[in-house]
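Please look over the structure below and read the report alongside it. The notes move from single residues to the whole fold and back.

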Amino acid sequence: MYYEKRGIPGEWDSERVQRLCKFLKLSEYELATMFCIEYKLMRTWMRADRFPPYVALHFSLLENWLAHESISDQEPVVPL
């Protein structure tokens, strides 16, 4: 509720992880490998549709960095 009021996306679920993987063009297990997560744990969390806070933090940091990079590469709509 605290984060919802501030417009911050909620907890990480399997759908959000799949969106991040699609953006990165990686499988869920390749994403797990980037953060030294065993594939068995990743599979368990995907099935449970919940991720521990320490994993969600890493995914959020990556997501925020990618969003910043993709936005900063765009041309302005109205030239200044």
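Is C36 buried or exposed? At 72% relative accessibility, C36 counts as exposed, because the cut-off for that class is over 50%. The model behind this value is predicted.

**Cysteines**

C36 is found in the loop between α3 (28-34) and α4 (39-48). Its phi is positive, about 55 degrees, although C36 is not a glycine. C21 gives another picture: its relative accessible area is 3%, so C21 is buried. A search of the whole structure finds 0 disulfides.

**Overall fold**

The protein has 5 helices and 0 strands. From the N terminus on, the order of elements is α-α-α-α-α. Of the 80 residues in the protein, 24% are buried. The exposed surface comes to about 6600 Å². Carbon and sulfur atoms supply 58% of that area. Take the contacts with a separation of 6 or more: residues 24 or more positions apart account for 54% of them.

**Helix α2**

Helix α2 spans residues 14-24. Its buried residues are S14, R16, V17, L20 and C21. Seen down the axis of α2, these residues fall within an arc of 160 degrees, so they line one face of the helix. E15, R19, K22 and F23 are exposed on the other side of α2. Just after the helix, K25 takes a positive phi of about 60 degrees.

S14 belongs to this helix. The relative accessible area of S14 is 16%; the cut-off for buried is under 20%, so S14 is buried. Which residues does S14 contact, leaving aside its neighbours within four places in sequence? They are M46, D49 and F51.

D49 is partly exposed, with a relative accessible area of 35%. Its phi is near 65 degrees, a positive value in a residue other than glycine.

**Aromatic residues**

How many aromatic pairs does the structure hold? There are 5 aromatic pairs. In the pair of W45 and Y54, the ring centres are 6.4 Å apart and the planes stand at 85 degrees, so the pair is edge-to-face. W45 is buried, at 12% relative accessibility. Y54, by contrast, is exposed, with a relative accessible area of 52%.

Ring pairs link W12, F35, W45, F51, Y54 and F59 into a cluster. F51 of this cluster is also a contact of S14. A charge is found at W12 as well: the charged end of R16 sits over the W12 ring, 4.0 Å from its centre. R16 is itself one of the buried residues of α2.

**Accessibility by residue**

The table collects the relative accessible areas discussed above.

| Residue | Relative accessible area | Class |
|---|---|---|
| C21 | 3% | buried |
| W45 | 12% | buried |
| S14 | 16% | buried |
| D49 | 35% | partly exposed |
| Y54 | 52% | exposed |
| C36 | 72% | exposed |

S14 is in helix α2. S14 is buried, whereas D49 is partly exposed.

Methods
Residues numbered from 1 in each chain as written. Predicted model: local features only at pLDDT ≥ 70, side-chain atom pairs only at ≥ 80, totals over all residues. Heavy atoms only, no water. Helix = DSSP H or I, 4+ residues; strand = E, 2+ residues; numbered from the N terminus. Buried < 20%, exposed > 50% of the residue type's maximum accessible area, 1.4 Å probe, protein only. Contact = heavy atoms within 4.5 Å. Disulfide = S-S within 2.5 Å. Areas by Shrake-Rupley, 256 points an atom, 1.4 Å probe, with all protein chains shown as cover. Arc of directions from axis to C-beta. Phe/Tyr/Trp six-rings, centres within 6.5 Å; stacked < 30°, edge-to-face > 60°. Lys NZ or Arg CZ within 6 Å of the ring centre and 35° of its normal.
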